[in-house]
Amino acid sequence: MRLFVQVGIASLCAGLVAGSTGASAVSATEPGSRSGSTAQSRVAQRLVPGEVVMLGDLQPGGGSSMQPSNFGTFWSAAGRVFFGADDGVHGKEPWVTDGSPGGTVLVGDVRPGPPGSNPAYFTPSANGVVFMTDDDRDVGQIRVTTARGTGGDVGATTLLAQGDDVVSIHAASLGGLALLATSDFDQNPQLWRSDGTIAGTVPLKRHLTLPDDISPIGDIALFVDAQNPLWRTDGTVEGTRIIHKWRDGPNGSTVLLRLTTVGKRVFFIVSSVYGIGAELWVSDGTRRGTQLVRDIRRGPRDSEVGRLTPDGPRLVFIADDGVHGPEVWRTDGRPHGTVRLTDLPRGNIGKLAPCGSALYFTASRGDGAELYVRQHGRVRRVAHVADAPRGLTCLGDSLVFTADDGVHGRELYTLVSPRSRPVLHDLSPTGSSNPNRLFVADGSLYFVANDGVHGAEPWRLAG
């Protein structure tokens, strides 16, 4: 079952429950400085763009506080970064950090004892940070708690609402409200709103079919459900309604995917609609403003639209026009403003990362993937980067990613510009630190890595 728990913002700022332990700081390393390095590994410059710090050895003794991989990710709310971690005593419980080892603390033992409450979807509201938990019992609950004081006093927990076997699906913030999409194991979905109080936590709509992809634009939010109408909500029961519904196409049921907010519009993929195949659509939250962007591969064939990524006021994505194969495209939401940006040899294109004036992406043919950049209308491969870069993430005007140069294992890199040499952050001298779950908040990068001594723990790269 799932709980919804609210944490008072003022209490978080004052310091919560338990302090972190064993934090260590690691500086970026020149790859060539280690004995036995090869010419391929001499790819970093000595100028360190930012300090890399482990936020705490949350599970002392070599255990991993953020493993296995289903521990989720990081969330940003109320000027802090939240995550779930297991300190080896309380089970997986909510933690919060201000970006410093001393400011990385346990929010509270929501489910006392080692089972843990499995927190997720931390979302700001008018009266605190609402989040979902799961205590594996028979009744799902929505709770509110205020962490107060120090020394283990987690404060009171007040029941807001409850239901049977509720599981979390998605959440988003709309003004002072947390919008919460839930369902139970009998497929009874609901969309909730919560301002962090008992009276302000109510279901907006019942009997939806798996509401998902809640995407705020201005003072409303769009979302979809498995029956594939497009919905809008302003946080009220009366203002939660369908704005468009598609007929099933000749290839089967219609599917809406990947709602992506760009400014005050939401882009998404519609598949098997009117015989067009999977194409890109856009909506401003009105029926009239919900329309096909462009039929990129004309006719019933699928355009294989994917990788929807905001790029300032526009969207970049991958599509196949039937002639050039999968390529990178860009759109401003109009048919004539939808253009192809690349003409690469056929292969797979990976994650897109707009960063300053550059657009980075990976492309592969066969087993290896290489880093490419499009800048000033030209596309080229980025030199000095090891094969198989992953997790492309923009931090300020710099690109952060992971790669394996064949010497240091998979580690974190920072690329200041397309023509610079990437800086290696060698976090595990004895092997791969395997950085993952890269997340940017307030000008810093948060991620999980294993330095070979402390296990998989939370880290921060200062911007």
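Buried means under 20% relative accessible area, exposed over 50%, and partly exposed in between, with a 1.4 Å probe and protein chains only. This is a predicted model, in which local features need pLDDT of at least 70 and side-chain atom pairs count only at pLDDT 80 or more, while totals for chains, interfaces and linings use all residues. Residues are numbered from 1 along each chain as its sequence is written, and side-chain values use heavy atoms, with hydrogens and water left out.

View 1. Helices (H or I, at least four residues) and strands (E, at least two) are DSSP runs, numbered from the N terminus. Of the 463 residues, 56% count as buried. Among contacts (heavy atoms within 4.5 Å) with a separation of 6 or more, 48% come from residues 24 or more positions apart. The accessible surface is about 19100 Å², and carbon and sulfur atoms hold 47% of that; areas come from the Shrake-Rupley method with a 1.4 Å probe, and for residues only the protein chains shown count as cover.

**View 2. An open sheet of four strands.** Follow the order S4-S5-S6-S7, with antiparallel pairing; two strands pair if DSSP finds at least two bridges between them. Strand S4 (74-77) and strand S7 (104-106) are the edges, each pairing on one side only. From one strand to the next, the twist averages 30°, using axes that are lines fitted to C-alpha atoms and angles that run from 0 to 180 degrees between N-to-C directions.

**View 3. Strands S5 and S6, and a look across to Phe131.** Six bridges join S5 (residues 80-86) to S6 (residues 92-97). Here Gly84 stands opposite Pro94 in S6. The C-alpha atom of Pro94 is separated by 9.1 Å from that of Phe131, 37 residues apart along the chain. Phe131 belongs to strand S9 (residues 128-133) and is buried, with a relative accessible area of 0%.

**View 4. The largest pocket, lined by 34 residues.** A pocket is an open set of points on a 1 Å grid over the protein atoms alone, with protein on both sides within 12 Å along at least five of seven lines, and lining residues have an atom within 4 Å of a point. The space in this pocket is about 1000 Å³, a volume filled by probe spheres set on the points. His170, Asp213, Arg258, Leu259 and Thr260 lie nearest its centre. Elements giving two or more residues to the lining include S4, strand S12 (166-174) and strand S16 (212-217). S20 gives the most, with seven residues.

Note on methods: On a 1 Å grid over the protein atoms alone, a cavity is a set of points where a 1.4 Å probe fits but cannot get out, and a pocket is an open set with protein on both sides within 12 Å along at least five of seven lines; lining residues have an atom within 4 Å of a point.
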